[in-house]
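Here is a short briefing to read alongside the model. Take a moment to get your bearings, and then let's walk through a few regions together.

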Amino acid sequence: MVGITETVLRDGHQSLLATRMRTKFMLPVAEQLDAIGYRSLEVWGGATFDVCLRFLHEDPWERLRELKRRIRSTPLQMLLRGQNLVGYRHYADDVVERFVAEAARQGVDIFRVFDALNDPRNMATAIRAVKKAGARAQGTICYTESPVHTLPAFVALGKSLAAFGADELCIKDMGGFMPPGPAAELVRALRKEVGLPVVVHTHSSSGLSTLTCLAAADAGAAAVDAALSPFAGGASQPPTETIVGALRGGPLATNLDLSALAELATYFRGVLEHYRPLLDLRSLQTDPGILLHQVPGGMLSNLISQLKDQEAIDRLPDVLAEIPRVRADLGYPPLVTPTSQIVGIQAVFNVVAGERYRTITQEVRDYVRGLYGQAPAPLDPALVRKVLADSAPITVRPADLLKPEFAAALAGVRALVPAADDAEALSYALFPQVYQRYRAARDVGLTPEVLACAGVGILGAFRARTPARAVTGPSRAGGGDAGVSAWAHEGRARLQGSRRWVDAARTRDRR
């Protein structure tokens, strides 16, 4: 039997919709998802934390709590960027330890811990914190291809993660270019040499994902990641229903009910329809070119956006050709957050400027100095000389240079919210400016509900099909709604009924 980790509530919409699915679309089917029999449900981590605060004005901790209240049987899983947690820099050990403890307390059962450089030192503190919290630690190997990323090297990393206390291993193919053969070979080697269960995560970008998952399952993988079909394919994972159907009736059958999955797919098809304006066709397309340049779908979208901003979109082929060269100069880092951005932006600079490393980004300088950790291979000597001059590189674990941060974060957040708890302090510690803007919006009543109501009203104004004086929606006593469409009326009525934008300013709870 092979287990399925369902990603529709996290990586599915992160890959296709820039992580924009709101909690309100998750909760109505939480119990149905729980009843399916998945090995786990990925619901948190990755970009969800940042996006909740920055764009959705939602509390990510509240999302976790609400899901946990409804999902009692299936383990909840999150993606944790090692020492980066869910942010984009290394945080001090005390913040890492408190974050893991709080996430476990509020509902996370499985922590998938990875590091963009596969530097085991950057995963050690998080894995040990997961074990201390009584949760399951999934040590992660970021799959990539280069002269130094060999089968023995991946096995050695697996052994290091096991030594830290990992309960199982994950092969994370973030680019979606891991072929079936090497996937099966790696699964077998890890099972034999390390002895832990192995889970395989991939993306459908190159078109290989379903084949790769089936090969991994046949090689003995304990589970594979998949997404319900409306949020599958392209930059996302292979479809859950396809994997289940392919294995049905054989010794590796998942034992999941296709009819129940079809009902859930119908629901999420409606959710996807709601977000269709955000759906970029490129994110659904198969691009075998990734087998050459190894650029994940999300990274490719960022590159296209940057080149459009500089009116240089015609240089995209040159940038895709430059990325492998920059990656080689930097010691072949896997292309995953944040190294994908580091390599990609520098490649754009090199191409647009017409000269390699005329401008060197601060992130590349920090990388070369060693602030992100140990590169998989030696860096280009000329680039090192240009960045370091006469200074010495950092060879210790980067977090060893950081002083404790949590106490200062708690004091800072309590200056804004006197009754703030540890969870709010952690949000502030990870994204101080974003959290301040989030709190300011909440304090004047701009909750997700209010923003949704306002959106309904604005949309209704544009959707009005009748002349300005025609009454197209229900009217109130007094006749004040002439010319207002039903959509606009609904938005205004819901706002007036809650009066959140007024009452919140008068009686808000500072928590």
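H90 sits in the loop between β3 (76-80) and α6 (93-106), where helices (H or I, at least four residues) and strands (E, at least two) are DSSP runs numbered from the N terminus. The model is a predicted one, so local features need pLDDT of at least 70 and side-chain atom pairs count only at pLDDT 80 or more, while totals for chains, interfaces and linings use all residues. Residues are numbered from 1 along each chain as its sequence is written, and side-chain values use heavy atoms, with hydrogens and water left out.

**Around H90**

- H90 counts as buried because its relative accessibility is 9%; buried means under 20% relative accessible area, exposed over 50%, and partly exposed in between (1.4 Å probe, protein chains only).
- The side chains of H90 and N84 are joined by a polar contact of 3.3 Å. Such a contact is a pair of N or O atoms within 3.5 Å; within protein, one must be able to donate a hydrogen and the other to accept it, and residues adjacent in sequence count only if both atoms are side-chain atoms.
- Leaving aside residues up to four places away in sequence, H90 touches Q83, N84, N122, L371, Y372, P398, A399 and L402, a contact being heavy atoms within 4.5 Å.

**The barrel**

- Eight strands form a closed barrel in the order β1-β2-β3-β4-β5-β6-β7-β8, with parallel pairing; two strands pair if DSSP finds at least two bridges between them.
- From one strand to the next, the twist averages 30°. Axes here are lines fitted to C-alpha atoms, for helices over the stretch in contact, and angles run from 0 to 180 degrees between N-to-C directions.
- Strand β2 (residues 40-45) runs parallel to β3 and is joined to it by four bridges, and G45 stands opposite L79 in β3.
- On its way to the next strand, β3 is linked to β4 by four bridges, again in parallel, with M78 opposite F111 in β4.
- Four bridges also pair β4 with β5 in the parallel sense, and V113 has G139 in β5 as its bridge partner.
- Which residues of β4 are buried on its two faces? I110 and R112 are buried on one side, and F111 and V113 on the other. In a regular strand, side chains alternate between the two faces of the sheet.

**Helices against the sheet**

- A right-handed β-α-β unit is made by β3, α6 and β4, and another right-handed unit by β4, α7 and β5. Right-handed means that, with the strands pointing away from the viewer, the path from the first strand over the helix to the second runs clockwise.
- α8 lies across β5 and β6 and runs at about 160° to β5.

**Helix α9**

- With 14 residues (180-193), α9 reaches 20 Å from its first C-alpha to its last, close to the 20 Å expected at 1.5 Å a residue; that expected span is 1.5 Å times one less than the number of residues.
- A183, A184, L186, V187, A189 and L190 are buried in α9, and their cover includes β5 (136-142), α8 (151-164), β6 (168-172), β7 (198-201) and α10 (209-218).
- After α9 comes G195, with a positive phi near 85°.

**The whole chain**

- The secondary structure comes to 25 helices and eight strands.
- Of the chain's 511 residues, 55% count as buried.
- Among contacts in the chain with a separation of 6 or more, 74% are between residues 24 or more positions apart.
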